Amino acid sequence: MSLEEIVKDLAVTEQDQHLTFDLSEEELAVPVMNIREIIRYGKLTKMPMVPNFIEGVINLRGNVVPVINLAEKFALNRHNSDKRTCIIIMEIDIDDESVVMGIVVDKVLQVIEIPDSDIEPTPTLGAKIQTNFIKGMARTEDGFIIILDISQVLSAEEVAIVSNMHKNNAVEE
Amino acid sequence: MEIDENIQIFISEGEELLQEMEESLLALEESGDDDEIINKIFRAAHTIKGSAGLFGLDHIIHFTHIVENILDDMRNCLIPTSSELITVLMRSQDYIATLLDGIADDFEGDKTEEAELIQLLTAFKTGGSETPACEAEQITPDDNPPSSENDEEEHTQTEHYHISLRLGIDTFRQGFDPASMFRELADLGEIVEAVFIPNAIPDLDDMDPESCYLGWEIALKSNVRKEIISDIFQFSDVSQLTILPPQTHFSEYKHLIEQLPEEEMALGQILIQTGSLTADELQRILNQQQEKIEAGEPASQNRTGDMLVENKVVQKEVVKEALNKQTKVREQKQKALNFVKVDSGKLDKLINLVGELVINGAKLNQITETIQNEELEETMEGLTMSLEELREIALGLRMVPIGMTFNRFHRVIRDISRDLDKQIKLEIYGADTELDKTVIEKIGDPLMHLIRNSLDHGIEMPDERQRVGKPAEGIITLKAQHEAGYITIQIIDDGKGLDHNALREKALEKGIIDEHKKLTKQECFNLIFAAGFSTAEQVSNISGRGVGMDVVRRNIESLRGNVYIDSELGVGTTITIQLPLTLAIIDGFNVSIDDESYIFPLDMVHECLTLTPAQIKEASVQNYITLREDVLPIIHLKEYFDVDNEQYNETYMTHTDRERHNLVVVEFSNKKIGLVVDELLGEVQAVIKPLGRVFKGLSGFAGFTILGSGMVALVLDIPSLIKRVVGSEHQYFDSLKQKSIASKGNSIVH
């Protein structure tokens, strides 16, 4: 499925719709509700003095948007970017404040319907990704899809690491 | 109540008037009796009452009316000005402010407070002696209204005012209600008779239902002064108004009938309309004036007013009043011409748009350079210049003087010093220093907190001050001034100062620092701003309002500002706040480090230079270089940022050989440091975007900006960089000092 077709599917923002994507040999999904748009991976501005999972920032029509590298965040094997690498721009609420962030993925796959009833609880063992970032698993013909709890991934405490970083630096100095 | 636009205007104007009232009250306290100031206060109260009448806000009218009465008595010297009275008036002014505030929520004020205030106010009235409190030269008292000095036999025997009123055709369109005018008249006395004059009403076919054709002849029994009656109609659209005091000369009544409808508001006309002068008399005067001009005398020396006085037709005060009114009307006209009130939301939108323009302009500029078309380049040059000017103007719109914010503290200091039984004077310098409106709005609360602290903990009690040989009256100085790209605000008190050892002890106790931490004196002072430092022990109703000093610091830092404390025990404390001039757009200087762009605020760039091989060598082993025989501390920005940890060593080697030859020397607060960068890329205009939720904790950066290429770049926060370098330097020197002292065998408690 081409990126254009997927973007068209995104327009249907129903509760159960999920966007699936590849990330370091894993098939993951995020709810379409939180997705603003998908853009191709381009040049980013690197940020100094931040944790490695922050890939950098991009200019999205005049707004500066932070981009998170999920592979780095989940401690997976990081793939080099190619022409299929994308940034999914997501909008989530952190402490009642709407925050726009991007996540880097290797390849977007498709928009599929995953009703809540099909989502199984996360097995405590065997997942490569920290379980608190996972909302559940969904079974498909090809195997399992991991549905991310995206607000947890980009949550206040996680993001706040950036805010605390410099304080730690300051103590060390 | 539903808040429509007009009420909104009433509220905001009311707030301005109250502000004016407060300033005047403070001035009155300073100067003692001053007619001009009392008049100003009276006018403010009166205008609020009048406008409240337009909206039928009876509770506001009721209370302001009582305040106005007292002020009127002050004006007429029936009540002497006293500090107690001013205190009550200030409380009344605060109360009116709460009434204004409450309009939106239909809150009609705290009735017990109102009753208390009314009681206090009226106590002055009855307590005041009946004899005028002012000097003999005073203007005519109430019960003796000004009248022409003509033969008494020709005067009417009436005991009441005669008011001849014709409302303007636009009265209703302007939102005035004749009923409210009558209400106000009834407040002043008894309306004996009001005869409606229907003459102006056209045939039903020609009548416009929105127009006003009303007029009255009114007899009012009252012992107030004429000006007070005419004040009622001051703002309304009145096509003709004549107020004749009791026992007026017959001829005035005669000429009232002959009067023309309103024309040019010449002085003579004002006098006619207020009934001080008849048209006949005016005619006589005008004839004389004409004769003199014809005789070759310059007209300017024979203003109508002078001639009237010369001829003893009217009293001096009446002429003065009329002249004042004329000037006032003219001034108001000018003011209205020179200022436009704009919704600040619109201004913000404008600034944002200008920001977009600047970014796109930079982009276009870059494209122009690649295309190399002469015509395009010329156009671009013109466009760039206009853009720059547009930016300057747009940013200028948001700049407001800090004086307003400063003046607020007169009252705060007055009230608090009374509460604390301290004597404190406020001195203000640099009130006209301009600062971005957003910054001004947000700096008020931190300033308030700092000043409360100085009042409470800084300035000593008068007897204590005298014991140590200081004047009993303490001084708090508020000072604002510009410094390259920044503004500094200082709060200076001449109080007891801070004991840095005590502060250190306390911080140890609270576990904010540990035993081994060496601190400079300066660092000890700044402990005050550490989270968890201000504690319950210090809480009083003055300074400890649940907000710690750490909140103050955070608020200031959220404006990209800094705050420092300096103090000398027994001499006083100086708190310095540094704030950026604007939060929106700056002139920047673009440099690159590892192919990423970084922007320096141009204001703070002192010079740029390429390092000599000797300096490079020097820089690679230590954190300073020798520049023109001076030692300059430097930061290797690349190392400081540590942009990519893993490749760090590799790139460091290649870059030291290759590009990192350039040094940007920045200066702030008389401190200079050098920053080593790869390449110097030149000037840019940078629209500053906030660091946002994710990066707000990142120190050393003021925000993001978007370059002409569309790439995002970080804007450096020079003051915080300098603070870091200088801070660690202090520590270094301090530890050296400690060592040398220790080696001499002295025991020093730090």
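Me: Happy to look at this predicted model with you! At what angle do helix α4 and helix α15 of chain B pack?

Reply: Helix α4 covers residues 83-102 of chain B, and helix α15 covers residues 403-419 of chain B. Their axes lie 13 Å apart. The packing angle is about 120°.

Me: Thanks! Are α4(B) and α15(B) perpendicular or oblique to each other?

Reply: Angles of 65 to 115 degrees count as roughly perpendicular, and those over 145 as roughly antiparallel. The two helices pack at about 120°. Their relation is therefore oblique.

Me: Nice. Is the crossing of α4(B) past α15(B) left-handed or right-handed, and which residues of α15(B) make the contact?

Reply: The crossing of α4(B) past α15(B) is left-handed. On the α4(B) side, the contact residues include S83(B), I86(B), M90(B) and D94(B). By class, the contact holds two nonpolar, three polar and five charged residues. From α15(B) come R411(B), R414(B) and R418(B).

Me: Let's turn to the open sheet of five strands in chain B. Which are its edge strands?

Reply: The strand order is β19-β12-β13-β21-β20, with mixed pairing. From one strand to the next, the twist averages 35°. An edge strand here pairs on one side only, and that describes β19 (679-687) and β20 (701-706) of chain B.

Me: Good to know! Within that sheet, which residue of β13(B) is the bridge partner of V591(B)?

Reply: Strand β12 (residues 585-593) and strand β13 (residues 596-601) of chain B pair in the antiparallel sense. Six bridges join these two strands. Across from V591(B), the partner in β13(B) is Y598(B).

Me: And which strands of chain B does helix α14 touch?

Reply: Helix α14 (residues 374-397) of chain B packs on the sheet, and its direction makes about 120° with that of β12(B). Helix α13 (residues 344-371) of chain B lies across β12, β19 and β20, running at about 150° to β19(B). For α14, the strands touched are β12 and β19 of chain B.

Me: Over to chain A, then. How many of the seven residues of strand β1 are buried?

Reply: Buried means under 20% relative accessible area. Strand β1 (residues 17-23) of chain A is largely enclosed by the rest of the structure, because the number of its residues that are buried is six.

Notes
Residues are numbered from 1 along each chain as its sequence is written. Chains are lettered from A and ligands numbered from 1 in the order in which they are written. This is a predicted model: local features need pLDDT of at least 70, side-chain atom pairs count only at pLDDT 80 or more; totals for chains, interfaces and linings use all residues. Side-chain values use heavy atoms; hydrogens and water are left out. Axes are lines fitted to C-alpha atoms, for helices over the stretch in contact, and angles run from 0 to 180 degrees between N-to-C directions. Helices (H or I, at least four residues) and strands (E, at least two) are DSSP runs, numbered from the N terminus. Angles under 35 degrees count as roughly parallel, over 145 as roughly antiparallel, 65 to 115 as roughly perpendicular and the rest as oblique. A crossing is left-handed if the near helix is turned anticlockwise from the far one by less than a right angle, and right-handed if clockwise. Contact means heavy atoms within 4.5 Å. Ala, Val, Leu, Ile, Met, Phe, Trp, Tyr, Cys and Pro count as nonpolar, Asp, Glu, Lys and Arg as charged, and the others, Gly among them, as polar. Two strands pair if DSSP finds at least two bridges between them. Buried means under 20% relative accessible area, exposed over 50%, partly exposed in between (1.4 Å probe, protein chains only).
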